[in-house]
Each structure stands twice: as structure tokens, then as C-alpha cells.
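Take a moment with the sequence and the model below.

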Amino acid sequence: MAALFLKRLTLQTVKSENSCIRCFGKHILQKTAPAQSSPIASAPRLSFLIHAKAFSTAEDTQNEGKKTKKNKTAFSNVGRKISQRIIHLFDEKGNDLGNMHRANVIRLMDERDLRLVQRNTSTEPAEYQLMTGLQILQERQRLREMEKANPKTGPTLRKELILSSNIGQHDLDTKTKQIQQWIKKKHLVQITIKKGKNIDVSENEMEEIFHQILQTMPGIATFSSRPQAVQGGKALMCVLRALSKNEEKAYKETQETQERDTLNKDHGNDKESNVLHQ
């Protein structure tokens, strides 16, 4: 009887344990259900990522647009990528062909084996021209030569220097070297010479300092404004500038002429001396 009671008690304990395990498993499943549904819950995060990507793409598109705009300004073959439906066309000889559909333009390009180049995009419709590869090459060379002949220069800087009329030769040489560097960089150089204290110096003597500085730069610099009295006659001021290309050319021609005249004169003197000896 006691053995039967123990057997029943054991079976009841096993059943209760199984029931607890099932409850615990159901509890775990309920807890893990939200974790399994995380793809759905992460949808807002995904939309946020998509939004961030879209923002980045828009920024990249703007950068690409800037690059495209920059490239369009260069003289190059457009090819078949004609953005406008109707364009104003010129042939390879410059003849006006009027407005034309881009499909007809492409057909002409294929028939004549020509390239398409933008002439003016500000007009409506935009102007294009058919050209040969050789014409494009020649036009690029011409544009490069024009850029070299007329380089874009920034605003001219003005450098200022104040000297004393009793400046020593060593200090003057140092300041002159600084002025030469500024002139080579195409700067304007404003020089002011003040009268030294307790020194009686004339304007001619002070002006001679300007000429001494200028003589160290033959064929390089000249007066932009000649020496003039300032500060009630207590100082003299002038402005030096670099020579222009035409002035440099004229200076070289003058020097060459003087050298030829000197050589001819010396040669003439040699002839006269030979005649006298004979």
C-alpha cells in the first residue's frame, strides 16, 4: 500500500514538472516573439537609413551637376548626348541650318562623320555646331594660345616701404633686394623717404636715392608715379611698378640697337687706324 502511494506521488510530481516546463517554454516564446518581429519593428530605422541615403544622393547629384556644368564650359565633343529636344544647328562651314530635332542632328552626324559641339547654351534653343575632329583640335589650340596671351591676373598688390634719408648703404642694399622681389611678383611698391632728424638734406639728394634703387632693376621696373613731396615737404614718395611686356620688348630693342651702334663705331675706328698706319 505504501509502495502504491509512493508510485502515485512520483507520477504526480513528474506531471507537475512537465506542466511547469510547458509554462516556462510558453513564457520564453512570448518573450522572444518581439525579438522575432524585429524586422517589422526595424522598419522605421530602415526608412531613416533610406532617407539618409537619399540626402547623400542629392548632395552627390549636386556635385555631379557642378562637374558637368564645369565640363560643358570646355570645348569638347558632345556626342549623341543632346539634352535638348530641339537645337539651333550650324554646319562645319558655319552655315546656319536653323532649328532641328536632335534625331535629325544625330543622323547628319552619322552621314557626314562629324562631331557636335556646343556654341551657346544661353540662347533658346541652344546653339550647336557640327565640326570635324581636326576643327575641334585647332579650336582648342587657338583657345589655349589666347589664354596664354591674356593670362588671368589677380588684383595688383601694393607694398609700402618707409626709409630714412640718412639710411646706410648696407641697409639700402637690403631694402633694394626686397623691392626687387616685390617687383618680380608684379606688385606696386610705394617708397617714402623721410628727412632724418637734425639732418639738412635737399629734395634732390633724397630723389637720388629713388634713382639709385631704380638703377638696380634695368629693364625690369620703372616709375608708376615719379617722386613728389608729401607730408608738407618733410618726405618724398614715389611708386615703382614692373615693366609691361611691350615696355620690356622696347627696352631690349633699344639695348640691341645701342650694342650694334657701339660695335659699328669700334669697327669704324679700327678701319681708320689701319688706314693711318698704312
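Start with Leu-236. Setting aside residues up to four places away in sequence, Leu-236 touches Ile-191, Thr-192, Ile-193, Glu-203, Met-206, Glu-207, Phe-210, Gln-228, Ala-229 and Val-230. This is a predicted model, so these contacts come from computed coordinates. Leu-236 belongs to strand S8. Is Leu-236 buried or exposed? Its relative accessibility is 4%, and buried means under 20%, so Leu-236 counts as buried. The chain also folds back here. Lys-195 is 41 residues from Leu-236 in sequence, yet their C-alpha atoms are 8.6 Å apart in space.

Now look at the strand beside it. Strand S6 (residues 188-194) and strand S8 (residues 235-242) are joined by 6 bridges. The two strands run antiparallel. In general, strands of a sheet pair through backbone hydrogen bonds, either parallel or antiparallel.

Gln-190 also sits in strand S6. Its relative accessibility is 14%, so Gln-190 counts as buried. Leave out its neighbours within four places in sequence. Gln-190 is then in contact with Arg-158, Lys-159, Glu-160 and Leu-161, and also with Met-237, Cys-238 and Val-239.

Step back to see the whole sheet. Which strands form it, and in what order? There are 4 strands, in the order S5-S6-S8-S7, and the sheet is open with mixed pairing. Strand S5 (158-164) and strand S7 (221-230) stand at the edges. Each has a single partner strand, so one side of each is left without a neighbour in the sheet. From one strand to the next, the twist averages 20°.

Check its length. At 1.5 Å a residue, the 16 residues of H6 should span 22 Å, and the C-alpha atoms at its ends are 22 Å apart, which agrees.

Which residues of H6 are buried? They are Leu-172, Thr-176, Ile-179, Trp-182 and Ile-183. Seen down the axis of H6, these buried residues fall within an arc of 115°, so they line one face of the helix. An α-helix has 3.6 residues a turn, so residues three or four places apart point the same way. The buried residues of H6 pack against S5, S6, S7 and S8, and also against helix H7 (203-214). On the other side of H6, His-170, Lys-177 and Lys-184 are exposed. After H6 comes Lys-186, which has a positive phi near 65°.

Go back to the loop between S5 and H6, where Ser-165 is found. Ser-165 has a relative accessible area of 14%, so it is buried. What does the side chain of Ser-165 reach? It reaches the backbone nitrogen of Gly-196 at 2.8 Å. Beyond four places in sequence, the contacts of Ser-165 include Ile-193, Lys-194, Lys-195, Val-201, Met-206 and Ile-209.

Now move to another sheet. This open sheet has 4 strands in the order S2-S1-S4-S3, and its pairing is mixed. Its edge strands are S2 and strand S3 (115-120), and each pairs on one side only. Neighbouring strands are turned by 35° against each other on average, direction ignored. Two helices pack on this sheet. Helix H4 (residues 102-112) touches S1, S2, S3 and S4, and its direction makes about 120° with that of S2. Helix H5 (residues 133-149) touches S3 and S4, and its direction makes about 115° with that of S4.

Finish with strand S1 (residues 86-90). Here 4 of the 5 residues are buried, so S1 is largely enclosed by the rest of the structure. S1 is joined to strand S2 (residues 96-101) by 5 bridges, and these two run antiparallel. In this pairing, Ile-87 has Met-100 in S2 as its bridge partner. The hairpin of S1 and S2 has 5 residues between the strands, and there Gly-94 takes a positive phi near 90°. S1 also has 3 bridges to strand S4 (residues 127-131), and those two strands run parallel. In that pairing, His-88 stands opposite Glu-127 in S4.

Methods. Residues numbered from 1 in each chain as written. Predicted model: local features only at pLDDT ≥ 70, side-chain atom pairs only at ≥ 80, totals over all residues. Heavy atoms only, no water. Pairing = 2+ DSSP bridges. Axes fitted to C-alpha atoms, helices over the stretch in contact; angles between N-to-C directions. Expected span 1.5 Å × (residues − 1). Buried < 20%, exposed > 50% of the residue type's maximum accessible area, 1.4 Å probe, protein only. Arc of directions from axis to C-beta. Contact = heavy atoms within 4.5 Å. Polar contact = N/O pair within 3.5 Å; in protein donor to acceptor, adjacent residues only side chain to side chain.
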